[in-house]
Amino acid sequence: MTDLPKTYHVKSFGCQMNVYDGERMAELLGAQGMTATADASAADLVVLNTCHIREKAADRAYSDVGRLRRDDGSKPLIALAGCVAQAEGEEAKRRSKMIDMVVGPQAYHRLPEMVAAAASGQRPVDTDMPAISKFDALPARRRTGPSAFLTVQEGCDKFCTYCVVPYTRGAEISRPASDIIAEAEALAISGAREITLLGQNVNAWSDGSSGLDTLIRRIARISGVERIRYMTSHPTDMTEALITAHGEVPELMPYLHLPVQAGSDRILKAMNRSHTAASYVSIIEQARRARADIAISGDFIVGFPGETEEDFEATLSIIDKVRYAAAYSFKYSPRPGTPAASMPDQVPPQVMDERLQRLQARLAVHSLAFNQATVGKATRILIDRKGRLPGQMIGKTPWLQSVFVETSAAIGEMVDVVTTAALPNSLAGVLATAKAA
Ligand code: SAH
Ligand code: SF4
Ligand code: F3S
């Protein structure tokens, strides 16, 4: 038996959707009268919102749990949340005695009851994926940052052979348009100027008759919303209507995160990706026809089982064709229960290391070239944080580049800048005019 917690700390790992879920859990605990603490070790309740995507991410969850033991031997109440919680369920309690409750990504609206049960000495586990949406049970949004995430679609039916997401997040569901619009309005009122629509396959969002493009056009009409982004998209769900919207909706940023994973059709087939290298490249070409300055980013996996040097070179060649502005790249990590984990010809770790290095070197050439091409040009940035130097602020361009600039503008303001130098991961700039509103 412990007292009900008065303070909480939520720590999120993994993708943007986990960040979003972490914010919603914090809002939920806040609505129960608990206050947030910045320091996890001082909180009465710590929620670890975990990621299961690769082995390292999943292992980290347990080492983080262990680190919550305080010097005097005491510990906070610990909730294991997120995708490791979903994947491991009851097993998580056996792996660590310190875990007081286990709550999956579709059940976290029940956190208050679970916390009460845990405080009275039980160790509740809830990994249900109820038909009633958790969103209906959550309190209204209360965030104030200039850039906000908004989950519109969850789950995945694609079953790529390497991936745990269909198991940890469940089947594809789309939230109703009216709920999404209401949430976007609430975010705009509380200060968001940029909204990033999230989904494991966000471009599969549908209300039965219309798709993500329609939703984007509706959100663009909300007063205060100046920028709209969406991620992550799947090539197979990339509709012509969505591509067209890039050329027609000024609020929709010229940016498309479209993972390809690999450039070899043989590997794409073994991955169950349901697209080819050529069909992928043709989507990129269409997007560039709709919006010439669109920046493309992607995800890559090296060392999928059976990947030969020739297959790997096909990935390098797609990188040269697409000229990515940015990318995430990973070594293949076998995940329990996925088909790829038991495929023959697993690639040795040294080969994966070497390929990842070559891949990242190639990606860096293109991202630096992309940044250099913007030097000397005028652009508008949304200030989202302070820089390290006095008077320095950092803001994002429409292409998600971070620009360092000296300005008296505050976080949340948009300013016009001219970029002066390109670094591998950011740009330097100067104000183009006097402070714009
Ligand atoms: N729904 C998105 C991304 C989901 S996971 C999509 O389909 O693209 C984010 C990225 O993690 C994936 O794009 C993939 O590049 C990587 N990833 C997923 N499973 C992985 C695994 N088992 N090993 C290494 N990387 C993986
Ligand atoms: Fe995973 Fe593939 Fe679904 Fe993306 S599309 S979440 S990689 S199964
Ligand atoms: Fe990780 Fe789950 Fe996101 S596995 S990447 S937190 S959907």
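## Surroundings of the ligands

Ligand 2 is surrounded by Cys156, Lys158, Phe159, Cys160, Tyr162, Cys163, Val165, Pro166, Asn201, His234 and Arg273. By class, this shell around ligand 2 divides into 7 nonpolar, 2 polar and 2 charged residues. The model described here is a predicted one.

Around ligand 3 lie Cys15, Asn18, Thr50, Cys51, His52, Ile53, Cys83, Arg169 and Gln200. The shell of ligand 3 has 4 nonpolar, 4 polar and 1 charged residues.

## Aromatic pairs

A pair of aromatic rings is described by the distance of the centres and the angle of the planes. The structure has 4 aromatic pairs. One of them joins Phe159 and Tyr167 in an edge-to-face arrangement, with 5.6 Å from centre to centre and 70° between the planes. The angle is over 60 degrees, and therefore the pair counts as edge-to-face. Phe159 is partly exposed, with a relative accessibility of 37%, and Tyr167 is partly exposed at 42%. Phe159 is also one of the residues around ligand 2.

Tyr162 and Phe304 form another edge-to-face pair, with centres 6.3 Å apart and planes at 85°. Tyr162 lies in the loop between β8 (153-154) and α6 (165-168), and Phe304 in the loop between β13 and α12, so the pair ties together parts that are 142 residues apart in sequence. Together with Tyr332, Tyr162 and Phe304 make one aromatic cluster. Tyr162 is, like Phe159, among the residues around ligand 2.

## Strands and sheets

Strands of a sheet pair through backbone hydrogen bonds, either parallel or antiparallel. One open sheet has 6 strands in the order β2-β1-β3-β4-β5-β6, and the pairing is parallel. Which strands form the edges of this sheet? The edge strands are β2 (35-36) and β6, and each of these pairs on one side only. Strand β1 (residues 7-12) pairs with β2 in the parallel sense over 2 bridges. In this pairing, Thr7 stands opposite Thr35 of β2.

Another parallel pairing joins strand β13 (residues 295-302) to strand β14 (residues 326-331) over 6 bridges. The bridge partner of Asp299 in β14 is Tyr328. With helix α12 (residues 309-322), the strands β13 and β14 make a right-handed β-α-β unit. Phe304, from the aromatic cluster, lies in the loop between β13 and α12 of this unit.

## Salt bridges

How many salt bridges does the structure hold? There are 34 salt bridges. One of them is between Glu88 and Arg95, with the closest N and O atoms 3.3 Å apart. Glu88 is buried, with a relative accessible area of 19%, whereas Arg95 is partly exposed at 44%. The value for Glu88 is under 20%, and therefore Glu88 counts as buried.

Asp128 forms a salt bridge with Arg110, and here the closest N and O atoms are 3.8 Å apart. Asp128 lies in the loop between β6 (125-126) and β7 (147-151), and Arg110 in the loop between β5 (101-103) and α5 (111-119), so the pair ties together parts that are 18 residues apart in sequence. Asp128 is partly exposed, with a relative accessible area of 44%, and Arg110 is partly exposed at 22%.

A further salt bridge is formed by Arg358 and Glu313, whose closest N and O atoms are 4.0 Å apart. This pair links distant parts of the chain, with Arg358 in helix α13 (residues 349-373) and Glu313 in helix α12, 45 residues apart. Arg358 is partly exposed, with a relative accessible area of 28%, and Glu313 is partly exposed at 39%. Helix α12 is the helix of the right-handed β-α-β unit with β13 and β14.

Some salt bridges are joined into a network. The residues linked in this network are Glu23, Arg24, Glu27, Arg141, Arg175 and Glu183.

How values were computed:
Residues numbered from 1 in each chain as written. Chains lettered and ligands numbered in written order. Predicted model: local features only at pLDDT ≥ 70, side-chain atom pairs only at ≥ 80, totals over all residues. Heavy atoms only, no water. Pairing = 2+ DSSP bridges. Helix = DSSP H or I, 4+ residues; strand = E, 2+ residues; numbered from the N terminus. Right-handed = clockwise from strand over helix to strand, strands pointing away. Near = heavy atom within 4 Å. Nonpolar A, V, L, I, M, F, W, Y, C, P; charged D, E, K, R; others polar. Salt bridge = Lys/Arg side-chain N within 4 Å of Asp/Glu carboxyl O. Buried < 20%, exposed > 50% of the residue type's maximum accessible area, 1.4 Å probe, protein only. Phe/Tyr/Trp six-rings, centres within 6.5 Å; stacked < 30°, edge-to-face > 60°.
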